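Colleague: I am new to this structure and would like to learn how to read it. Could we go through it feature by feature?

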Amino acid sequence: MESAGAKGGDGAPKHYPGKMTVFVFLACLVASSGGLIFGYDIGISGGVTSMDTFLTKFFPSVYAKEKEVVETNQYCKFDSEPLTLFTSSLYLAALISSLFASVITRKCGRKMTMLGGGLIFLIGAILNGAATNVAMLIIGRILLGIGVGFSNQAVPLYLSEMAPAKMRGMLNISFQLMITVGILFANLINYFTDKISGGWGWRVSLGLAAVPAVIMTVGSVFLPDTPNSLLARGKEEEARARLQRIRGTNDVGPEYDDLVAASEATKAIENPWKTLLERRYRPQLVMSVLIPTLQQLTGINVVMFYAPVLFKTIGFGATASLMSAVITGLVNMVATFVSIATVDRLGRRKLLLQGGVQMIIAQFVLGTLIAIKFGTAGVANISRSYAIVVVLCICVFVSAFAWSWGPLGWLVPSEIFPLEIRSAAQSVVVVFNMAFTFIIAQIFLVMLCHLKFGLFFFFGAMEVIMTVFVYFFLPETKGIPIEEMERIWGEHWYWSRFVGAGRNRVMQMTSTNFQVLILKMNSILSFPFEVGVWWSCKQMIIFSLFHLD
Ligand code: BGC
């Protein structure tokens, strides 16, 4: 299977020889288990915080409020600061740790970062399972967060660097697939542990996070590092041999040369963070901030964290709530396969646009359904059939996310950064993803209490914005080799003004216009020739100051 590529220097499509090898497949399978630990965390906290035995032990005031009669405002009954802190502390820790992880990823390689992340996560899982007070719970969550920060920083990069261009989308999405598997497992485990009499079911739920942690830790001991990362650390021979091994051919010359060129460019850079702020990297910087931010503003984690709480809010019983969370988890996982099957054929844009429109429709219908029943008072008893329609709507929303913004929110950023800024930029992605995950986890219950059904319209409006953003500003990245990606910005109607060819074109066009203008001025004002030259130079300097780095 040949891997297709972008255009070569003469504009012709560039091909790197090579195929998808078993070696790459296995390496990616192990690496994407990093997604498992992330997914397990996302799914587990919602179910645990809806378990009575967990609430009575750690958050008795929330439990008391929950048990109040149905006439209380349903929108507000789970609004509790310590409860949200339990869910969201993990994401704050992940945010901070991913900044450190970027240095480790660059200096010690992707593999070491994953190994470290797995170990720290393991300690967090043990602490959580054994917790006897809120402090142990929160410290455990923080350690889990550090593990997630490490793995989310390194795994998407690892996958994109290992994969041949033609299958990069599919392989990278295995990370997202594992996230959804983790969420589904967590939901299923909550469903069963809730039934454990004796009140220690939540310990099993939290402690079982150790399983994905062990898979990732042990797996990453055996993982090979990527050729890109080896080169960046000066191991040329090893990098070439590794590239030959993962591509399944000795004929890796052109790809190796491109990797070397990218690596040389990287070495010339002392501070990747400062470099990322340079004008020529503006498109990448904007994408690294906006893609994860917008991914979170879809409101997906309202469903993922709080589905059982949300279902209880609209009147489901405890078991039905956990069951519904299992259903949404299943839809989330199955729909990810749609993305895997189509992303390298249809491309990224089509999936994002279709998914965006479907999410908008689902959110507005959901908001309307809840508004009709609960109004602003938040008091209602809903029928079984009405509840089923609500769950269906949530499934339509979740499936759209699962084949669009879910996987692509990680894939697209990981493939658009040139090597010299890749680690730093990926950290920006993780930081913004975690920051907005944290914010949503932290304020959702408060927002639900105040915005009521309007919350769903708020997320719907965000989805309109992100769909328009994709339409106008996101170029297609399908099939383009990762070290060739820079060209897409130069060819884009908007981003071209910031980068190489496009910027030169703007300069050339503008300087030609200036020359014409100067000639005209000269003839109108009858400047002597020297004055005309002086005036035009001055204008060019002013122009350069405003348009160049
Ligand atoms: C997001 C998570 C989300 C998950 C749902 C991921 O891509 O980053 O925040 O919970 O998808 O499957």
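Modeller: Start at the ligand: a polar side-chain atom of Asn 332 lies 2.9 Å from one of the ligand's oxygen atoms. A polar contact is a pair of N or O atoms within 3.5 Å; within protein, one must be able to donate a hydrogen and the other to accept it, and residues adjacent in sequence count only if both atoms are side-chain atoms. This is a predicted model, in which local features need pLDDT of at least 70 and side-chain atom pairs count only at pLDDT 80 or more, while totals for chains, interfaces and linings use all residues. Residues are numbered from 1 along each chain as its sequence is written, and side-chain values use heavy atoms, with hydrogens and water left out.

Colleague: Which elements give two or more residues to the shell around the ligand?

Modeller: Helices (H or I, at least four residues) and strands (E, at least two) are DSSP runs, numbered from the N terminus. The elements in question are helices H2 (33-48), H8 (168-193), H15 (282-297), H16 (300-313) and H20 (405-416). H8 gives the most, with three residues.

Colleague: How many residues surround the ligand, and which are the closest?

Modeller: A residue is near a molecule or strand if one of its heavy atoms lies within 4 Å of it. Here 14 residues surround the ligand, and the closest are Gln 176, Gln 295, Gln 296, Asn 301 and Asn 332. The side chain of Asn 301 has an N or O atom 2.5 Å from a ligand oxygen; for the side chain of Gln 296 that distance is 2.9 Å.

Colleague: How many residues of the shell are nonpolar, polar or charged?

Modeller: Ala, Val, Leu, Ile, Met, Phe, Trp, Tyr, Cys and Pro count as nonpolar, Asp, Glu, Lys and Arg as charged, and the others, Gly among them, as polar. The shell has six nonpolar residues, eight polar and no charged.

Colleague: Where is Asp 225 found?

Modeller: Asp 225 sits in the loop between helix H10 (210-222) and helix H11 (227-232). Asp 225 counts as buried because its relative accessibility is 6%. A polar atom of its side chain lies 3.3 Å from the backbone nitrogen of Arg 110.

Colleague: How many residues does the largest nonpolar core have?

Modeller: A nonpolar core is a set of buried Ala, Val, Leu, Ile, Met, Phe, Trp, Tyr and Cys residues joined through side-chain atoms within 4.5 Å. The largest one has 149 residues, and those with the most contacts inside it are Phe 54, Phe 59, Trp 405 and Met 434. Helix H21 (residues 419-451) supplies the largest share of this core, 15 residues.

Colleague: How many helices and strands are in the protein chain?

Modeller: The protein chain has 25 helices and zero strands. Of its 549 residues, 59% are buried.

Definitions and conventions:
Buried means under 20% relative accessible area, exposed over 50%, partly exposed in between (1.4 Å probe, protein chains only).
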